[in-house]
Amino acid sequence: METSGKETILKRLLLGDFGIILIFLALAIVMSILTPVFYTPVNLLNILRQVSVIGIISFGVTLIIIAGGIDLSPGSVAAFVGVVVAGFVSNGHSLLVSLLVALAVGALCGLTNGILVAFTGIPPFIATLGMMSIARALALIYSKGRPITLTSEAASFLAIGSGKLLGIPIPVLIFISTGVLSHIILKKTRFGKYVFAVGGNEQAAVVCGINVRKIKIYVFTFGGIMTALASIVLTSRVSSGNPTAALSYELDAIAATVIGGTSLSGGIGSIFGAFIGALIIGSLNNGLSLLGISPYWQQIAKGVAIIAAVISDVYRSKSYR
C-alpha cells in the first residue's frame, strides 16, 4: 500500500508542473546539442520575446479554462484592438488615452463573452466563436480592410514593442510581469479559489454560495484585458494595426495552456504551467527553424505536442479520481 501511495505521488508530480519542467529542460538540452546557437543568451532572449504575445494571451485563457470555459476569440479580438490602438495613435491621441481605449475594447469583448456564457446558457465554445467572427469583422470595418501603419512619430508607442529596459526587451518584461500578476490573482486571492471551485464542480460551487455567473464574467473580462495587452505589444512590435493579424493565435494560446498542464475539463491548472507551455512552443519553433526544418513540419511538431498534452490530461484526470 505504501509503495502504491509513493507511485501515485510520483505519477502526479510527473503529470504536474514538475513534469512540464522536465519536458522543457529535455527539449532545451536536445536543441542545444543539435544546434549550439540555441543555448546562447541572445537566442534565449529572442525566444522569450517571440512567445511574449502568445504567452500573455495564454494567461487569460488559463483562467477561463480552469473555470470550465474556453475562448476562441483572442486572435480576432487582438486584431480589433490592434487596429483601434493604431488608429488612435496615428490620429495624434496621447499614449495614455490610446492604451486605455485599447484595454477598454479588449475588456468589453471579454465582458460580452462572459455575459453571454453566464446569462444565456450558450456554451462558451459557441459564444466565443460568435465573438471571433464579430471582432474580426469590426477590425475590417474600422480599418476599411487596410493595415494602419505607424510612423516614427509614434516613437513612445513603438518603444513598447522594440524598446529595452535594463537590457531586457519590454515585451519580455510585460510577459513576465503579467504572468506574476495572473499567478497572484489565481493562487493568492479568494477570487482565484472561486475560479478553481467553479471549474471543478459548478453545482457544488453554487451550493457553497459562490456567485458562479459573476466569476464567469470576471474570468472572460480578464481574458479580454490580457488579449488587449498582447495586442498592444504586437501592434507596437510590427509598427502597424492589421485587421488580418493574429490569425489562429487563440489556438496557440490554448495549446500553451494545455501543454502547461491545464485541464480542458476545468478545475486544474496554473499560470506557471502556461508560462512553461508557451516556452515549449517557442523553443520548439525556434529550434526547428535553426535546424532549417520547414514551417509545415513545425506545425506537425506542434500538433504532436498538443495531442501528447491532451493524452497527459486524460491520465492526470484519472489519477486524481
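1. A polar contact here is a pair of N or O atoms within 3.5 Å; within protein, one must be able to donate a hydrogen and the other to accept it, and residues adjacent in sequence count only if both atoms are side-chain atoms. With that in mind, note that the side chain of T221 reaches the backbone oxygen of I217 at 2.7 Å.

2. A word on the basis: this is a predicted model, where local features need pLDDT of at least 70 and side-chain atom pairs count only at pLDDT 80 or more, while totals for chains, interfaces and linings use all residues. Residues are numbered from 1 along each chain as its sequence is written, and side-chain values use heavy atoms, with hydrogens and water left out.

3. T221 sits in helix α11 (residues 212-238); helices are DSSP runs of H or I, at least four residues, numbered from the N terminus. T221 counts as buried because its relative accessibility is 17%, buried being under 20% relative accessible area with a 1.4 Å probe, protein chains only. Beyond neighbours within four places in sequence, T221 is in contact (heavy atoms within 4.5 Å) with A107, G110 and L111.

4. Now the rings, of Phe, Tyr and Trp (its six-membered ring), which pair if their centres lie within 6.5 Å, with planes under 30 degrees apart counted as stacked. The structure holds 3 aromatic pairs. F59 and F175 are stacked, because their ring centres lie 5.6 Å apart with planes at 15 degrees. This pair joins helix α3 (residues 41-66) to helix α8 (residues 170-188), 116 residues apart.

5. F175 also stacks with F275, with centres 4.9 Å apart and planes at 25 degrees. That links helix α8 to helix α13 (residues 271-290), across 100 residues. F59, F175 and F275 form one aromatic cluster, and F175 is buried at 0% relative accessibility.

Note on methods
Phe/Tyr/Trp six-rings, centres within 6.5 Å; stacked < 30°, edge-to-face > 60°. Helix = DSSP H or I, 4+ residues; strand = E, 2+ residues; numbered from the N terminus. Buried < 20%, exposed > 50% of the residue type's maximum accessible area, 1.4 Å probe, protein only.
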